[in-house]
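I jot down here what I look up, one entry at a time.

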Protein chains: 2
Amino acid sequence: MDNTAGKRPTVKDVARLAGVSQGTVSNALSGMRGVDPETRQRIDQAIATLGYVPNLAARRMRTGLTNTIAVMTSMPAAVSAGSSRLGFLMEIAASAAIHALDYNSALVLVPPVADPAVALRHVAMDGAIVIEPQRDDAFLSLLKHRGVPVVVIGEPPASHPSGGDLPWVDLHYTRTAELLLSHLLEQGARRIALILGTSSRASQSTTEVIYQAWMLLRGIPPCVIRVPETEGEEGAYQATRYLLTNNPDVDAIFVPVDAFATGAMRALRDEGRTVPDDVRVVTRYDGLRAREERPALTAIDLHLDQVAALATRLLMDLIAGKEIQQVTEGPLPSLVARGSSQD
Amino acid sequence: MDNTAGKRPTVKDVARLAGVSQGTVSNALSGMRGVDPETRQRIDQAIATLGYVPNLAARRMRTGLTNTIAVMTSMPAAVSAGSSRLGFLMEIAASAAIHALDYNSALVLVPPVADPAVALRHVAMDGAIVIEPQRDDAFLSLLKHRGVPVVVIGEPPASHPSGGDLPWVDLHYTRTAELLLSHLLEQGARRIALILGTSSRASQSTTEVIYQAWMLLRGIPPCVIRVPETEGEEGAYQATRYLLTNNPDVDAIFVPVDAFATGAMRALRDEGRTVPDDVRVVTRYDGLRAREERPALTAIDLHLDQVAALATRLLMDLIAGKEIQQVTEGPLPSLVARGSSQD
DNA sequence: CTGAAAGCGCTTACAG
DNA sequence: CTGAAAGCGCTTACAG
């Protein structure tokens with residue numbers, strides 16, 4: 001298969017064997033310019049004989065395109081890391097990888113790590129999908145500096161300096177909060193507490209706004225606890241114990257971050273409260289954590305595969321220079337009611 | 001930040017501003033050759049002023065390295081696809097992405113699709129991790145043709161034409177089968193059936209061999225059903241109903257493929273059998289499917305994050321031209337006993 | 001320690 | 001439809 005020199009054959013080798021010029025081989029390969037059928041056949045023959053495979057790096061350098069997109073999130077490792085905890089990011093990555101193929105592109109998975117600059121240093125990409133960025137998101141800043149086209153999943157934080165003009169796919173934060181709150185109220189909950197992260201993400205602020213409005217409307221005293229994402233499950237555990245001590249009459253806890261929900265469930269067990277009889281619990285992301293909890297957690301199906309498919313197509317259009325709208329409606333979230341909130 | 005021409009600055013621009021040659025800038029960047037501290041400072045200054053970011057495609061073309069590895073599996077989509085079904089592949093990908101960073105490399109996620117050649121066409125990589133390849137695995141053949149270094153996760157099928165000499169990380173198929181069978185026997189199961197896929201993977205053949213030996217030793221008549229992976233959950237559903245009709249005294253089913261286990265559980269429900277009282281069920285991969293089933297499925301913790309970390313390091317050593325052993329012991333699997341097999 | 005130059009393997013105007 | 005040539009932006013011998 002290999003040529004005699006022992007190194008990979010190049011267009012030059014193919015051209016020589018087929019008796020044409022390099023440019024003609026290139027044209028036959030790319031289909032950009034017409035090539036005589038008979039000539040094309042000779043070239044295909046030569047390619048097969050030599051086992052020629054194009055050097056992608058050379059092609060990329062020449063065209064400036066990498067046929068690669070990347071997906072990333074700056075969500076702190078404490079709430080997203082651990083191989084089986086990466087659900088949110090990984091669901092999106094899996095779907096994006098499949099849909100990127102339709103555009104002849106590969107997907108690079110950028111893991112959540114301490115230093116985004118390090119994570120991106122060796123990633124060449126035509127565009128990026130950024131999941132739920134926070135204010136002053138490091139990934140967003142780096143990408144802007146590099147001039148990489150970006151599509152955001154979830155509403156970007158208000159007035160992000162690195163571009164309030166970024167296109168995004170709506171994850172319906174308002175509707176998500178309403179689905180969970182109305183479910184809790186329907187189930188008879190009256191003293192609903194909210195445990196949020198401290199990061200400045202739109203998902204958090206929107207959830208709090210909706211929660212406050214709903215509580216106000218129903219005359220329920222609001223109770224919001226914020227836990228730094230970096231403290232992860234344990235931070236939520238401590239916060240929940242504190243909550244139960246100071247608000248012993250709480251009968252429901254709304255915990256959007258699933259890692260926090262795990263901590264809250266443990267705290268409830270340790271405090272001797274029964275879920276859902278004494279206290280109902282709901283979370284947002286319907287991943288491993290929600291499903292392995294006992295009772296399993298009521299959560300929201302965000303239809304992330306469809307969201308990722310949408311984001312991928314938008315990004316490809318953006319890369320291709322097409323006009324795209326700034327906000328794209330994602331699929332509507334749906335409630336997945338489970339034992340943690342209903343009898 | 002950008003230079004006046006509106007295009008990205010290059011080493012040339014940096015060199016001009018710093019008053020040195022291109023080569024010196026390159027040396028300062030790579031650290032390959034010593035550079036005078038004072039000169040280096042001028043270069044760093046110029047880089048900062050211009051906002052210079054190296055063109056990775058050019059670097060890759062020149063060095064022949066891509067700082068990228070890929071992870072892939074040829075497991076049919078019917079048993080692995082669907083965003084939340086990709087657990088096995090995604091757990092490995094998540095871990096590999098993190099560990100690849102230690103080697104300044106990015107991870108490309110190659111999704112399971114109908115045509116591996118299409119999936120790989122635009123992927124440039126220094127090496128690849130291939131998960132549980134089957135005999136005549138298309139990915140393995142393509143990679144061999146391209147001369148890409150490969151590390152396999154799980155034992156490769158016997159005498160693979162594309163290289164029985166591939167290095168691999170052991171997933172302990174024998175021990176896994178023994179853990180599950182001994183657990184079933186301990187729980188009192190005596191009529192154990194085995195439902196396998198038809199693909200030629202070592203995990204399947206090893207499991208069957210162990211199963212047959214154990215049954216023989218205990219005088220239990222073996223009962224093995226093979227279902228094509230392409231038929232997925234539904235195929236296993238049909239097979240299980242057939243099994244229960246023809247072997248009504250079955251009191252346990254060993255279903256290594258988790259998608260099949262979901263089908264088997266549904267068949268048991270439809271046949272009016274109670275799990276675990278009438279029939280005990282165990283599977284291998286401890287993912288979403290195992291945990292959301294009711295009762296939750298007894299499964300095996302394969303410690304895939306550690307397996308992936310090992311595979312990544314091995315691959316990096318292989319790429320670096322180091323000698324590596326052909327077989328690497330992965331972490332030992334451990335039983336996760338759940339309601340599907342114990343009272 | 002530094003510079004000048006070659007060349008990696010493609011694709012793309014530019015001619016014909 | 002095809003060829004000859006330039007050039008993408010790096011890194012790396014080769015001199016000094």
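This is a predicted model: local features need pLDDT of at least 70, side-chain atom pairs count only at pLDDT 80 or more; totals for chains, interfaces and linings use all residues.

**Entry 1: a loop residue**

Which residues does Val53(B) touch, not counting residues up to four places away in sequence? I looked, and Val53(B) touches His145(A), Arg146(A), Arg8(B) and Pro9(B); contact here means heavy atoms within 4.5 Å. I found Val53(B) in the loop between helix H3 (37-50) and helix H4 (56-63) of chain B. Helices (H or I, at least four residues) and strands (E, at least two) are DSSP runs, numbered from the N terminus. I also checked Val11(B): its C-alpha atom is 9.0 Å from that of Val53(B), and the two are 42 residues apart along the chain.

**Entry 2: ground rules**

Residues are numbered from 1 along each chain as its sequence is written, chains are lettered from A and ligands numbered from 1 in the order in which they are written, and side-chain values use heavy atoms, with hydrogens and water left out.

**Entry 3: the DNA**

I went to DNA strand D next. There are 24 residues around DNA strand D, and Thr24(A), Thr39(A), Val11(B), Ser26(B) and Arg62(B) come nearest; to be near, a residue needs a heavy atom within 4 Å of the strand. Of the atoms of DNA strand D that come within 4 Å of the protein, 59% belong to sugar and phosphate.

Then I looked up polar contacts (a pair of N or O atoms within 3.5 Å). The side chain of Arg62(A) has an N or O atom 3.2 Å from a base nitrogen of DNA strand D. For Tyr52(B), a side-chain N or O atom is 2.9 Å from a phosphate oxygen. Asn55(B) uses a polar backbone atom, 3.4 Å from a phosphate oxygen. Helix H4 (56-63) of chain A, plus helix H2 (22-30) and H4 of chain B, each give two or more residues to the surface near DNA strand D.

**Entry 4: salt bridges**

How many salt bridges does the structure hold over all chains? I got 30, a salt bridge being a side-chain nitrogen of Lys or Arg within 4 Å of a carboxyl oxygen of Asp or Glu.

One of them pairs Glu132(A) with Arg284(A), with the closest N and O atoms 2.9 Å apart. Glu132(A) sits in the loop between strand S3 (127-131) and helix H8 (138-146) of chain A and Arg284(A) in strand S9 (residues 280-285) of chain A, so this pair ties together parts 152 residues apart in sequence. Buried or exposed? Glu132(A) is buried at 5% relative accessibility, and Arg284(A) is buried at 12%. The cut-offs: buried is under 20% relative accessible area, exposed over 50%, partly exposed in between (1.4 Å probe, protein chains only).

I also noted Glu234(A) and Arg266(A), whose side chains meet at 3.1 Å, N to O. Glu234(A) is partly exposed at 37%, and Arg266(A) is partly exposed at 26%.

**Entry 5: two copies**

I superposed the chains by least squares on the C-alpha atoms of residues with pLDDT of at least 70 in both. A rotation of 180° with 0.0 Å of shift along its axis puts chain B on chain A (RMSD 0.0 Å), so the two copies are related as by a two-fold rotation axis. In chain B, the C-alpha nearest the axis belongs to Val108(B), at 2.2 Å.

Note on methods: A polar contact is a pair of N or O atoms within 3.5 Å; within protein, one must be able to donate a hydrogen and the other to accept it, and residues adjacent in sequence count only if both atoms are side-chain atoms.
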